[in-house]
Amino acid sequence: MRVISQRYPDIRIEGENYLPQPVYRHIASFLSIFKIVLIGLIVVGKDPFALFGIQAPGLWIWGQENKVYACMMVFFLSNMIENQCMSTGAFEVTFNDVPVWSKLESATSLLALAASYLTDDISKGSSVAEVYEGLH
């Protein structure tokens, strides 16, 4: 949005996060808690599989032999999945409280240059419908 700010220094640009669907938020929350528990079990050296009478898999044994590396891998891999669950990439562009573009509705991305052209056309008096038709 730097392009728009440079062309129109008096324009106000606001941003906020769009929450993902509840199922993805719950998955991310579960992973966050599971990550802490798993790292704790690795550090303490407690075998959770023994509680269920199951032989520990090779991955768990490897994790006990390489605790620092295993904890780092659990941390970074779970954070990657959590961030993917929480990231929507959704945004909307409004001009004088008139919706111009919505990634939620169009399911396509809007380049900064295209946003700049949209702003130009609307500020010159074109309607949002005319501008939108000109994009297709």
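Analyst: Helices (H or I, at least four residues) and strands (E, at least two) are DSSP runs, numbered from the N terminus. Counted in this way, the chain has 8 helices and 2 strands, and along the sequence they follow the pattern α-α-α-α-α-β-β-α-α-α. The model is a predicted one, in which local features need pLDDT of at least 70 and side-chain atom pairs count only at pLDDT 80 or more, while totals for chains, interfaces and linings use all residues. Residues are numbered from 1 along each chain as its sequence is written, and side-chain values use heavy atoms, with hydrogens and water left out.

Two packed helices are described by the angle between their axes and the distance between the axes. Here the pair is helix H2 (residues 22–44) and helix H4 (residues 58–65), whose axes come within 8 Å and cross at roughly 65°; axes are lines fitted to C-alpha atoms, for helices over the stretch in contact, and angles run from 0 to 180 degrees between N-to-C directions. Contact, which means heavy atoms within 4.5 Å, is made by Leu38, Leu41 and Ile42 of H2 and by Trp60, Gly63 and Gln64 of H4. These residues divide into 4 nonpolar, 2 polar and no charged, where Ala, Val, Leu, Ile, Met, Phe, Trp, Tyr, Cys and Pro count as nonpolar, Asp, Glu, Lys and Arg as charged, and the others, Gly among them, as polar.

Leu38, Ile42 and Trp60 also belong to the largest nonpolar core, which has 8 residues and includes Ile39, Ala56, Ala70, Cys71 and Val74 as well. Such a core is a set of buried Ala, Val, Leu, Ile, Met, Phe, Trp, Tyr and Cys residues joined through side-chain atoms within 4.5 Å, and buried means under 20% relative accessible area, exposed over 50%, partly exposed in between (1.4 Å probe, protein chains only). H2 and helix H5 (67–86) each supply at least two residues of this core. Cys71 counts as buried because its relative accessible area is 13%. Ala70, leaving aside its neighbours within four places in sequence, is in contact with Ile42, Trp62 and Gly63.

Helix H2 also holds Lys35, which is counted as buried because its relative accessibility is 7%. Apart from its neighbours within four places in sequence, Lys35 is in contact with Val74, Phe75, Ser78, Asn79 and Glu82.
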